[in-house]
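Here is a short tour to read alongside the model. Keep the structure open and turn it as you go.

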Amino acid sequence: MNVLLYSLSGEGLILADKIKQEKHDLIVFIKEPSCRHLYDGMVFKTEDPDAMAAQADLIIFDDNGMGAKADAYREKGYAVWGGGTFVDKLEHDRLYGMDVFRKHGIPIPETWDVHDIAGVRDVLKSEFSRGENVVIKLDGADAAGSAFSFVAKNPQACEEQVEHWINDGALSEWSGIIQRFVAGIEVSVEAWWNGESFSTHNITLEEKKLLAGDLGPSVGCSYNTIVRIDEGSKLFKTQLEPIAPLLKEKGYIGPIDTNSIIGEDGTAYALEWTPRLGYEATPTLAWGNNHGYANKILGVLGMLDPIPEFGYKGRIWGAVRVYVPPYPVSLPDHKAEREMYECCRGVPILDREKVEEDFWLYDAMKDEDGRLVCAGTTGMIGVAFGAGDDPREAAMASYRVAEKINVPDKGFRALDGYRRHVDALASLRAMRLLKLYPELP
């Protein structure tokens, strides 16, 4: 079939090889001009996505922020996976996202809405003790909010962080939330919504810090563990199932994810929505499913007959991100950030053929001589995958792949990425919050 990948900055290209292996014709549009050289010489790209959309059997949106276009395609009757103004708002507007949790009876930590520094100070002074941890998450006018999440050791540190964001020019007009810190197990639960029902239930355990020992900056994901779970799992039924009527009402079709913290009493407190492809959760899930990614979507939508046989590489899947300097760079001036990453353009990616099935590429292209090199957009070369019967076994397999890929000055989080996940998965099962998908080997 013809598959159009409508990408914000090219992240979804990590799925390109998998889609092509499934014998589909892939066409790619990258909205961000500075990223359009990604995968040069590797995929067919278009600058006229509307013309390609009219011919596509399936259109995949890899990120939020392009909701109006996704809605327009759905109104034309096209088969669209992900995207939409509803999910743009669900992820990018934290006040709205928390309101959706409240209205559908999904537990959340104690939460206060804030709109300015005066409001932040008022909440910190009236609601928190001097030595209490504080969680703050803000949405800037030009960002999805992930850059403005911070767990402060005390109210004073929280106030100083917000002042830093403002003085640094990162925030002008903004809103967001302050939350009571809840100690526990952080986990996200995802399912795929086809317009009528859920499928493909799974959880992600994730390490966000760059370095071993949870040191360094937060980078979204440095290592993760993915597990398919049964639809009867309590975590799914309390965190996602309640919004089925809303998803149907809004006409959304695609993945939906809730990031949660599990308190000591076993209560799952929802923290935020991720109604889009997850990085690296979606690639890890796609890698672990032998029947594919686009094929799986087409099967869920009833567009592929016969639906591919279910099959999995193992019970549990792990993935570690591989990068090169200057990653990770995060600057208020996005133009300056792009220019800084250009210094890694052309770094050779060698020996990928040795691990091609288990190492998928992010920031890559072919140069004029046809050599595989870093494209110089993020410094994230790719992701190494592995499978096993438990988180440790999956991690060791993924690290072996990361060690084999030959890239000068490469880096990845050291071998501790999985350790928290061993106890976390055991605790979640002991709390009867989840049970593994019965078809796993």
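In which sense do strand E6 and E9 pair, and over how many bridges? Strand E6 (residues 111-114) and E9 run antiparallel to each other and are joined over four bridges. Please bear in mind that this is a predicted model.

**The open sheet**
- Eight strands make up an open sheet with antiparallel pairing, and their order is E14-E13-E10-E11-E12-E15-E19-E16.
- At the edges are strand E14 (268-273) and strand E16 (359-361), each of which pairs on one side only.
- From one strand to the next, the twist averages 30°.
- Helix H14 (residues 419-430) packs on this sheet, where it touches strand E10 (185-193), E11, E12, strand E13 (254-262) and strand E15 (316-323). The direction of H14 makes about 145° with that of E11.
- Eight bridges link strand E11 (residues 198-211) to strand E12 (residues 215-228) in the antiparallel sense. Lys-209 has Ser-218 in E12 as its bridge partner.
- E13 and E14 are antiparallel and joined by five bridges, and Ile-262 has Ala-268 in E14 as its bridge partner.
- E13 and E14 form a hairpin with five residues between them, and in the turn Gly-266 has a positive phi of about 90°.

- Arg-413 sits in the loop between helix H13 (391-404) and H14. Is Arg-413 buried or exposed? With a relative accessible area of 3%, Arg-413 is buried.
- The side chain of Arg-413 reaches the backbone oxygen of Leu-211 at 3.4 Å.
- Leaving aside neighbours within four places in sequence, the contacts of Arg-413 include Glu-207, Lys-209, Leu-210 and Leu-211. Also among them are Ala-212, Gly-213, Asp-214, Ser-222, Val-320 and Tyr-399.

- Two packed helices are described by the angle between their axes and the distance between the axes.
- For helix H4 (residues 85-92) and helix H5 (residues 94-103), the angle is about 95° and the axes are 5 Å apart. That makes H4 roughly perpendicular to H5.
- H4 contributes Phe-86, Lys-89, Leu-90 and His-92 to the contact, and H5 contributes Arg-94, Tyr-96, Gly-97 and Val-100.
- Sorted by class, the contact of H4 with H5 has four nonpolar, two polar and two charged residues.
- Ala-68 belongs to helix H3 (residues 67-75), and with a relative accessible area of 57% Ala-68 is exposed.
- The C-alpha atoms of Ala-68 and Asp-88 are separated by 9.2 Å, with the two residues 20 apart along the chain.

**Backbone features to check**
- Most residues other than glycine have a negative phi, and most peptide bonds are trans.
- Tyr-279 and Glu-280 are joined by a cis peptide bond with omega of about 10°. Glu-280 is in the loop between E14 and helix H10 (281-288).
- Another cis peptide bond joins Pro-325 and Pro-326, with omega of about 10°. Pro-326 lies in the loop between E15 and helix H12 (334-341).
- Asp-351 is not a glycine, yet its phi is positive, at about 65°. Asp-351 is in the loop between H12 and E16, and with a relative accessible area of 22% Asp-351 is partly exposed.
- Asp-409 is not a glycine either, and has a positive phi of about 60°. Asp-409 is in the loop between H13 and H14, where it counts as exposed at 64% relative accessibility.

Key:
Residues are numbered from 1 along each chain as its sequence is written. This is a predicted model: local features need pLDDT of at least 70, side-chain atom pairs count only at pLDDT 80 or more; totals for chains, interfaces and linings use all residues. Side-chain values use heavy atoms; hydrogens and water are left out. Two strands pair if DSSP finds at least two bridges between them. Helices (H or I, at least four residues) and strands (E, at least two) are DSSP runs, numbered from the N terminus. Axes are lines fitted to C-alpha atoms, for helices over the stretch in contact, and angles run from 0 to 180 degrees between N-to-C directions. Contact means heavy atoms within 4.5 Å. Angles under 35 degrees count as roughly parallel, over 145 as roughly antiparallel, 65 to 115 as roughly perpendicular and the rest as oblique. Ala, Val, Leu, Ile, Met, Phe, Trp, Tyr, Cys and Pro count as nonpolar, Asp, Glu, Lys and Arg as charged, and the others, Gly among them, as polar. Buried means under 20% relative accessible area, exposed over 50%, partly exposed in between (1.4 Å probe, protein chains only). A polar contact is a pair of N or O atoms within 3.5 Å; within protein, one must be able to donate a hydrogen and the other to accept it, and residues adjacent in sequence count only if both atoms are side-chain atoms.
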